[in-house]
Amino acid sequence: MKHCISWQHPPSHLDLCASAVDVWKVHIDDDQTDEPDLHDLSDSERDRASRFRFAVDRRRFVKSHSALRAILATYIGASPRALVFGQAVHGKPFLVAPRQAQKLRYNLSHSGDLALIAISVGREVGIDLERNRPMEDLSGVVNRFFSTAEREALARVAAKDREQAFLSTWVLKEAYLKASGEGLLRSLDAFDVTIAEDEPRLLEVRDRVGDASRWSLRRLRPRDDFVAALAVAGDGWQLRQWVWAGSSQPR
Ligand SMILES: CC(C)(COP(=O)(O)OP(=O)(O)OC[C@H]1O[C@@H](n2cnc3c(N)ncnc32)[C@H](O)[C@@H]1OP(=O)(O)O)[C@@H](O)C(=O)NCCC(=O)NCCS
């Protein structure tokens, strides 16, 4: 499958126009001696952080949310601490303040030591990231979650490639559900996406008539051991992929 756009270090000044969608790759280092800095986080983020059972999960949460704030802040020239988030009815977070941040749309996904953040101006976005892993009961999971058309298409994929095709389809489906804001509250078999095609798309959306032409999908390859996908409202946008280099990022 083609993933031809490379991941770049961002220029010192970054403008985002309505025809671009930025995706940031954040490597979350797992240095266990380093207690992450809670300085930029809100009370509710600190509260969530304190409720993780395992230190590794707490560190990853804090680091991904600190990076999220720092990255979003670069677009509006604000302090990361000044950002205020709200939650839509099914939990999708969005920016409430400062006022110039309200035009930004974003979505976050994290898995293991990696996080991806999609950002746009005015276009709803959804992103999903999964680490490649052997699936214990692939056909059971496919039968449970995939639509009939997807199951049939997946059965036509060579057996050696099927696990990878499953995961890269799964992230497409989740990215779309995250873009719509309902996540897994919506049924995964109520819509079909293409399987194992370079240019993925929604084929039919039975529970939201018209959605198939309302959203565009892209596969992402942030690292060899991960698959990821992006869903964006509308078409005619260009993808830019940036690597987050930490809090010393130029503003
Ligand atoms: C959102 C959801 C798809 C996350 O999937 P996941 O693969 O476990 O996790 P990801 O790392 O890809 O995404 C998590 C991030 O998505 C964002 N998110 C949360 N809810 C979301 C939603 N409804 N739609 C889109 N994005 C959402 C958050 O930024 C979250 O990061 P955080 O937990 O660090 O704050 C899953 O939790 C879900 O479907 N939830 C259904 C909605 C729900 O249960 N709402 C109940 C509250 S009303």
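Biologist: In this predicted model, how many residues does the largest nonpolar core have, and which have the most contacts inside it?

Modeller: In soluble globular proteins, nonpolar side chains tend to be buried together. Here the largest nonpolar core has 49 residues. Ile-117, Ala-118, Ala-175, Leu-230 and Ala-231 have the most contacts inside this core.

Biologist: Which helix gives the most to this core?

Modeller: Helix α5, residues 159-180, gives the most, with nine residues. The core also draws at least three residues from each of domain 1 (20-123 + 235-243) and domain 2 (130-220).

Biologist: Now the domains. What does the domain assignment of the chain give?

Modeller: The assignment gives two entries: domain 1, made of 20-123 and 235-243, and domain 2, made of 130-220. Their C-alpha centres lie 25 Å apart.

Biologist: How many residues of each domain are in contact with the other?

Modeller: Ten residues of domain 1 are in contact with eleven residues of domain 2. On the side of domain 1 that touches domain 2, three residues are nonpolar, five are polar and two are charged.

Biologist: How many residues surround the ligand, and which are the closest?

Modeller: The ligand is surrounded by 17 residues, and the closest are Gly-91, Lys-92, Ser-109, Gly-183 and Leu-184. Two or more residues of the shell come from each of β4 (104-111), β6 (125-131) and α5. Of the elements, β4 gives the most, with four residues. By type, the shell around the ligand divides into five nonpolar, eight polar and four charged residues.

Biologist: Last, a strand. Is β9 mostly covered or uncovered, and which way do its residues point?

Modeller: Strand β9, residues 215-220, is mostly covered, with six of its six residues buried. Trp-215, Leu-217 and Arg-219 point one way from β9, while Ser-216, Arg-218 and Leu-220 point the other way.

Biologist: In which sense does β9 pair with β10, parallel or antiparallel?

Modeller: β9 and strand β10, residues 226-233, pair in the antiparallel sense over six bridges. A hairpin of five residues joins β9 to β10. Across the pair, Arg-218 stands opposite Leu-230 in β10, and Leu-230 is among the residues with the most contacts inside the largest nonpolar core.

Technical notes
Residues numbered from 1 in each chain as written. Predicted model: local features only at pLDDT ≥ 70, side-chain atom pairs only at ≥ 80, totals over all residues. Domains from an automatic or database assignment. Contact = placed C-beta atoms within 7 Å. Nonpolar A, V, L, I, M, F, W, Y, C, P; charged D, E, K, R; others polar. Core = buried A, V, L, I, M, F, W, Y, C linked by C-beta atoms within 7 Å. Buried ≥ 20, exposed ≤ 12 C-beta atoms within 10 Å, placed from the backbone. Near = placed C-beta within 6 Å. Pairing = 2+ DSSP bridges.
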